[in-house]
Amino acid sequence: MNLIDSSIDDFSIPETPKRSVELKRKNIPPDVLIRIFCYLPVPTLAEVALVSRRFKVLVYDDEIWDDKLDIMLKNDSGALAAMLDGSNTKEGSLIDSSNSIYINSKPLNTLIPGMSTDPYSARARAKSTGQSKEYFKQLYTQLLPYYTDLREDKESSKVLIDYGSRPEECGKVLNLLMGLGECHVVADWKQLNDSVGALSQYFESASLHQFEVAYDVHNTVEMKSYANALIALNGGSSCMQTYVQKHPIFYDNPFKPEDNFVESPEDLEPFKKLMDLISDELVQQSSLVLEVFPEKVDAFYMISDRVFEDVIAEFVSQLLGRAMGISTHLYLRTMSTVLSSTRKVVDELTSDELPKSIEKDRGVNLLFKLFLPFLDDYLYEESTYAENITKQYIKEWSNRSSVKSDASARLTNQSRETFKRNYLSAFKKVLALPVDLVSTAATTIASPFQRASISSNRQDKRGSRISSDSAPINQSTPPATPKVSATINRSSTASSIDTTVSMDGKDVKIQLEFARQELDMLQNYISLEISLQLIHINKESEHRVQQFIEVGFPGRMKSDIQKTYEQIFIQFLKTLGSTHIEPGFDSASKRLSSYKPSTDTINEDLPPLTEFFELVHVADLIQQMVQLYYDEEISKHVDKLDFINEVNKEKKTFERLLDDCVARGMDGGIQVLISQVDFILSSQQKSSDYNPTTGMMADLKPTKACLDALKCLKSNTSMLVGAAEKGTMDLFFSEIGRRFFETLCKHLKAQTVNETGGFRYICDMNAYYDFILTLRQKTITPYFLALKSLANLYIIESAADIKSLIHDLERYHGLMRIEDLFEFAACRSDWPVIKRVVQKDMSDCCIM
C-alpha cells in the first residue's frame with residue numbers, strides 16, 4: 001500500500017546534476033487523476049479508493065460515475081432515465097464543502113491539510129454530490145448476478161427464470177444488462193456481452209411472435225403487454241414495423257392508379273375513395289394505438305407517416321404519371337385534387353376530436369414529405385402552362401376574322417359608361433365565384449361572337465348566304481378551359497351557363513347577360529373576351545399554387561411556391577401587355593396615320609378615330625379588371641406596399657405600357673380629327689356664308705360648315721370621356737383646342753367677309769367659343785375669346801375705328817400679333833377701299 005501511495009499519490013522529480021537542492025514533491029492535478037480513473041474497471045476503483053483519503057474523494061466524484069451512467073443511457077429505453085430523473089436532487093458538494101459532508105465524523109478540510117488553496121476547489125467543474133456513484137452502485141449490485149450468470153452455458157438464464165412471466169420487466173432488465181455490459185464492469189465483458197445480445201434477440205423474437213398472435217385474434221391486452229416489453233428492450237421499432245406491415249391497407253389496397261381517368265379525363269373517383277378509406281382507417285387507428293402502445297412511443301404519427309410514405313406517395317406518383325401522359329392541364333388539375341384530398345386527411349389527423357391526434361406542424365410535415373419529390377416539376381409545369389396557354393389564346397384570337405360593327409351599333413357615351421360600370425360589377429362577382437364555376441361564368445360574360453354565331457347558324461338552316469365577317473369560327477379550345485368550347489356549341493352551352501350562374505344570384509346573371517350582348521360594340525383591336533379568359537386562366541393557376549401557399553410548407557419549398565405564384569401573374573401581365581394590347585394599339589395607330597378625309601364621313605364618326613377611342617375605352621376597362629383582380633385575389637399573398645416586389649413592379653410597368661400606347665395613338669388621333677375638321681370647313685364653307693349678296697337679310701345662325709365641324713368634334717371627343725385619367729384627358733383636349741385654333745385661323749384668313757356676313761361670322765365664333773368652353777381648358781379658352789373680339793372687325797364701317805380696334809392689343813389678351821390682325825382685316829370685302837386708312841402710319845418710326 002505504501003508503494004502505491006509513494007508511486008502514484010506523490011509524484012517526485014528526480015535530482016539532476018545541476019541541482020543540489022532537496023527534492024520537492026509535487027502532486028498530480030485532480031483532473032488528470034480523475035481522467036485516469038475513468039478507464040479503470042469497477043472492481044479496481046474500489047481498490048484505488050482504499051489507497052488514501054484523497055483517492056477516495058476522487059473515486060467518489062460524479063464525473064467518473066456520470067460517464068458510466070451516460071454509457072448505459074445510450075442504450076436505455078426509458079427505465080434508467082426515469083429512475084435518474086425521479087431522484088435527481090443535489091444536496092451539496094462533496095468537494096468545496098466544509099460543514100455538510102463528513103468522512104469518519106470529521107470535516108473534509110480537516111482530513112486534507114491545505115484544502116482551501118488546493119487545486120480541488122480551484123478547478124472549474126460541476127459540483128460533485130456522490131449521488132451518481134450511488135445510482136451506479138444500485139444498478140451494479142442488482143444487475144451483476146444476472147450479468148455474471150450468463151457465463152454458464154445452461155438452458156435457462158436467471159433473467160428468464162425471474163422475469164419470464166413478466167415480459168415488460170424482462171425487457172427492462174435485458175436493456176439494463178446491455179448498458180451495464182458497455183461499461184466493461186468485468187474482465188470477460190466481451191463474452192458476457194455476446195451472451196446478453198443473444199438472449200435479447202431470443203426474447204425479441206419470442207415477444208414479436210406473441211404480439212402477432214395477439215394481433216391476429218385482436219387481443220389488445222396481450223398486444224399492449226408484449227409491445228411494452230419490446231419497447232423496454234430496444235425502443236420497439238421491430239414491434240411497430242410488424243404492427244404496420246400487418247395492416248391490410250399496406251398490402252390489400254382495393255384501388256389502383258390505373259382505375260382513374262377511365263370514364264372521363266377528369267375521373268378521379270378511385271383516388272378520392274382511397275383517400276376516404278385511408279382517412280377512416282387512420283381515425284380508427286388513433287383510438288387503437290392508445291390501447292396498444294404507450295403515448296411516449298408516438299405510434300399514431302409513425303403509422304400515419306408510413307401510410308403517407310408507402311401507400312399515398314406510391315399511388316400519387318403513378319397517378320400523376322398517367323395524368324401527365326394525357327395532358328399537362330389534367331396533370332395540374334390532378335395535382336390540385338391530390339393536395340386538397342390529402343389536406344382533408346391531414347385535417348382529420350390533426351383534429352382535436354380524435355382520441356390521439358397529431359400536432360399541426362407534424363401534419364404539415366406529412367404533406368411536405370409527400371409533395372417534396374413532385375413539387376419542382378409541378379411548379380415548372382404550372383408556370384410554363386400558364387404562359388403557353390395565354391399566348392395560344394391570344395394567337396387564336398388574332399387569327400380570327402374581324403367582326404366589324406357599323407356605326408349604328410356604336411355605343412353612345414352614356415351607354416358606354418353604363419356598360420363599363422355593369423361589366424366591372426359583374427366581373428367582380430365572377431371573381432368571387434369558385435374556380436370551377438368561373439369557367440362557365442367567363443364564357444357567358446366574354447362571348448362577343450355568340451350572337452353572331454347563333455344567328456349565322458340559323459341563317460345556315462334557312463340556306464342564306466353568310467358573309468366571312470359573321471361566320472362562326474370553329475376553334476379548338478385549349479385544355480385550360482374545357483368548358484369554353486367551339487362557338488358552334490355556344491347556343492347549347494348558354495342555357496347551362498345561365499343555370500349555373502343563376503345559383504349565385506339573379507343579379508349576376510342579368511349583368512353577365514347584358515355584358516355579353518353589348519361586348520362586341522367595344523372591341524376591334526383588343527378583346528375583353530380574351531382578357532377575361534386570360535384572367536380566368538391566370539386565376540385557375542394561381543388558385544392551385546395558392547393551395548400550396550396556404551399549407552405553410554417550410555424552408556426552400558415555401559419560397560419556391562411564392563416565387564411561382566408571383567411569376568404566373570407577372571407573366572400574365574407581360575403577355576397581355578406586349579402580345580395583345582400593344583399590337584392592338586399599333587394597328588389602330590397605323591390605320592389612323594393612313595386615314596384620308598372624305599365626304600362619306602362628314603356627318604358620321606370617323607371610323608379609325610372611333611375605333612381608336614373605343615380601343616382606349618376597352619384598354620381602360622381591361623386595366624380596371626386587372627386592378628380589381630389584383631386587389632381581390634393577388635394581394636392576398638403579395639404585399640401591396642412592397643414597392644420592390646416583382647409583382648408590384650411589373651404591374652406598374654403594365655400600367656405605363658397602357659399609358660404609352662394611349663399617348664402614342666393620341667397624336668395620330670388628334671391629327672386625323674383636325675384633318676377631318678379642316679376638310680369639313682373647306683368643303684362645306686360657302687363663299688356666300690360670310691359674303692352674301694347685297695340686299696340679303698343677315699342670317700343670325702351659325703353656318704353649316706361650322707355646325708358640321710363642331711358636330712364632328714363633339715361626337716369624337718365625347719367618346720373619350722372617362723377612358724383615361726383626368727391629366728391625360730386634359731392634355732388631349734388642350735391639344736385638340738390648340739390645333740383646332742390654328743386650323744380655324746388658317747381657314748378664316750382665306751374667307752371674304754362683308755358687313756352683312758360679319759354678323760354670321762360672329763355667330764360662328766360664338767359657337768366655336770361655346771364648344772371650347774365644354775372642354776374646360778383654361779389655357780385654350782382665351783384664344784377663342786380673342787376670335788370673338790376679332791369678329792367685330794367685320795361689322796364696323798369706319799376705317800379709323802377698324803384701325804383703333806386692330807391696335808387695341810389688350811382686347812386680344814396679347815395672343816394676337818398685329819400682323820395677324822391685319823391679315824384678318826384683309827378679309828373684308830371692302831379692304832381695297834379702307835386699306836390705306838387702316839395701314840396709315842403702320843410703318844412710321846418714332847425716334848425717342
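Biologist: How many helices and strands are there in the chain?

Modeller: The chain has 35 helices and 4 strands, taken as DSSP runs numbered from the N terminus, with helices being H or I of at least four residues and strands E of at least two. This is a predicted model, in which local features need pLDDT of at least 70 and side-chain atom pairs pLDDT 80 or more, while totals for chains, interfaces and linings use all residues. Residues are numbered from 1 along each chain as its sequence is written, and side-chain values use heavy atoms, with hydrogens and water left out.

Biologist: Why is His 247 called buried?

Modeller: Buried means under 20% relative accessible area, against over 50% for exposed and partly exposed in between, with a 1.4 Å probe and protein chains only; His 247 has 9% relative accessibility and therefore counts as buried. His 247 is placed in the loop between helix H14 (237-245) and H15, and, not counting residues up to four places away in sequence, His 247 touches Tyr 215, Glu 281 and Gln 285, a contact being heavy atoms within 4.5 Å. Across the 848 residues of the chain, 48% count as buried.

Biologist: What makes the pair of Phe 37 and Phe 55 edge-to-face?

Modeller: The search of the whole structure finds 24 aromatic pairs, where rings of Phe, Tyr and Trp (its six-membered ring) pair if their centres lie within 6.5 Å, and planes under 30 degrees apart count as stacked, over 60 as edge-to-face and the rest as tilted. The ring centres of Phe 37 and Phe 55 are 5.4 Å apart and the planes stand at 70°, so this pair is edge-to-face. Phe 37 belongs to helix H2 (residues 30-37) and Phe 55 to helix H4 (residues 53-59), 18 residues apart, so that the pair links distant parts of the chain; Phe 37 and Phe 55 are both buried.

Biologist: Why is the pair of Phe 211 and Phe 293 called tilted instead?

Modeller: For Phe 211 and Phe 293 the centres are 6.3 Å apart and the planes at 45°, so the pair is tilted. Because Phe 211 lies in helix H12 (residues 189-216) and Phe 293 in the loop between helix H15 (269-292) and helix H16 (299-326), the pair ties together parts that are 82 residues apart in sequence. Both Phe 211 and Phe 293 are buried.

Biologist: What sits over the ring of Tyr 60?

Modeller: The charged end of Lys 133 does, at 4.4 Å from the ring centre, and a charge sits over a ring if NZ of Lys or CZ of Arg is within 6 Å of the ring centre and within 35 degrees of the ring normal. Lys 651 lies over the face of Tyr 630 at 5.0 Å from the ring centre.

Biologist: Which residues touch the most other members of the largest nonpolar core?

Modeller: Among the 170 residues of this core, they are Phe 293, Phe 553, Phe 585, Phe 784, Leu 787 and Phe 824, a nonpolar core being a set of buried Ala, Val, Leu, Ile, Met, Phe, Trp, Tyr and Cys residues joined through side-chain atoms within 4.5 Å. Helix H18 (residues 360-398) gives the most to this core, with 16 residues.
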